[in-house]
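Here are my notes for anyone opening this one up for the first time. Have the model in view as you go through the points.

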Amino acid sequence: MIELLRQSGSSFANDINNLILLITVLAGFWLIVAEVVLFWLVWKFRRKPGVKAQYITGERKEEMKWIHWPHNLILICDVVIIVFAIRVWYTVKQQLPPAGSTIRIIGQQWAWRFVMPGADNVLGTKDDIETVDELHVKVDSVYHFKLETIDVIHSFSVPQFRLKQDGLPGRIVTGWFKPTKVGRFDIQCAEICGIGHGIMMSKLFVDSPEDYDKWIASHTPAAVSSN
Amino acid sequence: MAGHVDSHDHDAHTDSDGHGPAFYIKIWAILLVLFLISVAGPEISHHKAVILVTAFGIAIVKAYMVAVNFMHIKHEKKYIAYIMFAMLGAVFLFYIAVSTDVQMTSGSNWENASAKAVIEQHKDFQEHIEHE
Amino acid sequence: MGTTTPIATTRSVTGMPTGRLAVWWVIGSEIVIFGGLLMCYLMFRLKYPYWAMYSVHTNTFAGALNTFVLLTSSLFIVLAHYYAERKEELKAFGLIWATIFGGLTFLVIKGIEWTTEITNGFTITSSMFWSFYYTAAGLHALHVIAGMCLMAWISMDVLQKKNMHRVELIGIYWHFVDIVWIFLFPLLYIAK
Amino acid sequence: MATNHAEHHDHHEMSFWEKYVFPLDHKIIGLQYLLTGIIMGFLGAYFSYVFRMQLAFPGIDVPLFGLVTSAQYNSLITNHGTIMIFWFAMPILVAGFGNYLIPLMIGADDMVFPKINRLSYQIFLLSVVVLLSSFFVHNGGFGGAWTAYPPLSAKAEYNLTPWGSILWLIAVVLEFVAFLLGGINFITTLMNSRAKGMKMMDIPMVCWMIVLASILFMASAGPLIAGAAMLLFDQTIGTGFFDPARGGDPILWQHLFWFFGHPEVYVVFLPAMGIVAEVITTFSRKKLFAYKVVLFTTFATGILSFFVWAHHQFIAGIDPRLANIFTVTTLLISIPIAEMLFVYIATLWGGAIELTTAMLFALGFLATFLIGGVTGVFLGASGADIYFHDTYFVLAHFHYTFVPIAVIAVFAGLYYWFPKMFGRFMDETLGKIHFWGTMVGFNGIFMPLFFTGAAGDHRRIFDFSNFPELAVSSLQNLRIAATVSVIITAVFQFVFLFNFIYSMFRGRKCTVNNPWKANTLEWFATCPPPHGNFPVMPEVYRGPYEFSVPGRELDYWPQNEKV
């Protein structure tokens, strides 16, 4: 459902989509029931001349059941939602699958910097590629990211991935994603970070393996590639 | 505002405990003894448990004695004490949940690198304390 | 009209005088303010054991003396309440001023203590320990000052045998300020 | 009536200053809060008009404002949020209605501490002045969002508003102090000064709710007041409480803020529910369905509201394991709230519903708040929140809760109690025009924003054209639709403003004490009640919602009538 508004592009995006669908169905059902009953009652019991209102305390058992049954049903719905929500949460935020590559994401006023491991796929070596406002990743490969910021709080958000994580100064937050669709997407900053918050946009390129290798080759720091 | 039945007289309220000055002085003396222990304890022993019990255990006892005997919470309606405990409960709830983030230096998929760095900076001193 | 007490104030549905009920709610709200601050302090204190290197510079003697002063002033104000109830306004008046004097002593000791610390270079920005130290003790000192002002104001009424119940109210508040110090003292001074 | 006038002889005539500027009368103080709140509400609405115009038509010269820079934009949204919560919703719902209604509805002549009450308003007014002054200092008002997350809010080098952020913080703290003082007054008044015979279960729901809201505020605001002192020192003298480089922790502020911030939602929600309870029972001539259930769900909501705050921080860098606990508590709080709404809907069953303007607004509250409540489930469920967090979906969700609370329920209350406050009725025709305009406009603003949010619009962005995926025309059309609706809604508020002011002086006179034939004690006093409220202090013989009692000729039974 949510895909109609924003395509999904990561391995866990569908889990989130389905959770949203589940909540839409359950919560939507209750919304419609409540609204219909509300409007129906307003219509049915509109004031008519000579008709007196009834005296109902709502404290007798047969009256209370009208409240208690919905109450119990909602509890069941809640439990269902809790179970699915925590399962999705666990997949996205808690349990990290083994990494294909690890990248560093550094937020600052008002740009994203990315450090990619380069050809040797190890961070912290000479062939690391550092880019600003542009991130290249390989499709169908699991990435871990180490998110940090150097000044204020920023939030790394890629709507297609259904991924969002705040980065805080002083902290390193680890997360993961696995892009599944080739294309060019927006990276947003989703936490207000000062007057440039509205221009803090980066480009995300999910490349096919061939394109990705080409990009790596063309961007490996000159000092390394000449060796 | 003539003609109202409600009593105007607060002063009619008397202390139902009937304690005299002697009682209050006795409580005060006990508080002083506790206070001396709480100061002396950590001076005598640098053991962590001793400090915890003498300093903080006794602080709780002292606070309890002041609240019960000086603030007369024992003669107050029960719910006053409950309200105060509820407020304390809010405070501890805050501590329990927030300490998982603020008091820790790392957790599930995150680490507080700058806190670790700050601790690292003071490592020498830390060892110095532990040796003492 | 301005000075007439509303009927509402004189009612007592709970059986507690309105003033005392209100003071307890004030204390309830203060518990969360001080509690929140001290919990923040506690989290950092347990996170950074090296703060002991700062707390050794706090003056335990001054802190202890102040604890003694506040405990004693608590005794004075509870005795003032005792005599206020028995309409012995002169004794009550004297004890209230003894309490105010206790508060003053507390502030003087605190002043000397802080001056020494600041001249030794331990200011509020020196480290987070000192930030907490000055913030917590400062907030507490503000309460001491507020309590002293209220007591001075109440003592004037007491002399004329008016509003004697207020002695009890300020007493409860003062004991609370005392209790806060009972916890501040080990947290800031003793734990080294 | 004669006794009523006799009462006056006890007092000397009060000057204008004594009566309206430095009043001790709870009703005047309540009206002061109410009017200040309405004025601030219009200011906040003006801010929203300006930034909505900027969003719909980026870069235009906004009529009545001019070009919007990104710094101004941030300041506008920040202060819109702050004003609407702290200077509009709180003063009207808690302080305004609380002051006006509590003594009247429990049969007292005033608050227990009139002078503290007056002080409360004066501090509040001071906070308004401080806040307004923050717009005119060097570099303008604070622009770090109403949540004021440090380090952005703590350091001028990041937020670029060296004075605005300090004044903003001081204003918020002053406002808190005002409400703590007011809250103590409300609580003690309700506990100690009820009329003879009024038992716990005879207290009108709105009094219960305002007092419980005050207690929630008192218990939750403390840590934030301490935190505000810490932030203020960070801003002004350079301490490092929230500076990670010096060992501080920015997440601490988020916890301090939301530990207060979430109960705060219920602080404004509960009084709104109270107002709606009074209005729907009166105009459907029905006893409130299961009074005790409403009360217990209120208690449950209040207690649970302290256990849910971290759902605002799911992706803010808190430990992910903590998020699981807060998902459970957050979804559980839906149960008492849903139950409360069901009870209100059930109250309509078997009624004789008269759709006066007040009743329309009360029903409008129920209809729209349901949408706000239901969309909250998406955000409470941690997995779904990953996507929705900090998008316009969140914004639409909480406006669907706050607008019903702070606008629609307030209107219900104003139309309902206006005769009591000013001795005249508001015009019903204009009122109904106002109602339909507001409802259509309000839904028109926030319905589209659910969709832009679900499409990825993130919050506090000054110009979406910088984001290629969001700059598409389909989304822009939705944004324009929302902005047009803002203008429509705003226009209809002037209908209200006209109606309000006109009716105050020229409206149809209210010649009886109890025009709506309601049961609660405020209708026993004259319209408007004099200082001291009642000719004779009333006694209470029954609960507040004894409508249409079988075997009684009249369909209402005031609490103070013996037979």
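1. Start where chains A and B meet: eight residues of chain B are in contact with nine residues of chain A (contact means C-beta atoms, placed from the backbone, within 7 Å). On the chain B side, strand E2 (110-112) and helix H4 (113-121) each supply at least two of the touching residues. Sorted by class, that side has three nonpolar, four polar and one charged residues. Here Ala, Val, Leu, Ile, Met, Phe, Trp, Tyr, Cys and Pro count as nonpolar, Asp, Glu, Lys and Arg as charged, and the others, Gly among them, as polar. Helices (H or I, at least four residues) and strands (E, at least two) are DSSP runs, numbered from the N terminus.

2. A quick word on reading all this: it's a predicted model, with local features needing pLDDT of at least 70 and side-chain atom pairs counting only at pLDDT 80 or more, while totals for chains, interfaces and linings use all residues. Residues are numbered from 1 along each chain as its sequence is written, and chains are lettered from A and ligands numbered from 1 in the order in which they are written.

3. Back to E2(B): three bridges join it to strand E8 (residues 171-177) of chain A, and the two run antiparallel (strands pair if DSSP finds at least two bridges between them). Look for Trp110(B), with Val173(A) standing opposite.

4. Next, helix H2 of chain B, residues 48-70. Its 23 residues reach 31 Å from first C-alpha to last, close to the expected 33 Å (1.5 Å times one less than the number of residues). Its buried residues include Ile58(B), Val66(B) and Phe70(B); buried means 20 or more other C-beta atoms within 10 Å of a residue's own, exposed 12 or fewer, and partly exposed in between, with C-beta atoms placed from the backbone. What covers them? Helix H1 (21-44) of chain B is part of the cover, together with helix H4 (60-85) and helix H7 (165-190) of chain C. After H2(B) comes His72(B), with a positive phi near 60°.

5. In chain D, helix H5 (residues 114-133) reaches 29 Å, close to the 28 Å expected. Tyr121(D), Phe124(D) and Leu131(D) are among its buried residues. The buried residues of H5(D) pack against helix H3 (26-56), helix H4 (70-105) and helix H7 (164-192) of chain D.

6. Finally, Tyr50(C) sits in the loop between helix H2 (18-47) and helix H3 (52-55) of chain C. Why does Tyr50(C) count as buried? Because 21 other C-beta atoms lie within 10 Å.

How values were computed: Contact = placed C-beta atoms within 7 Å.
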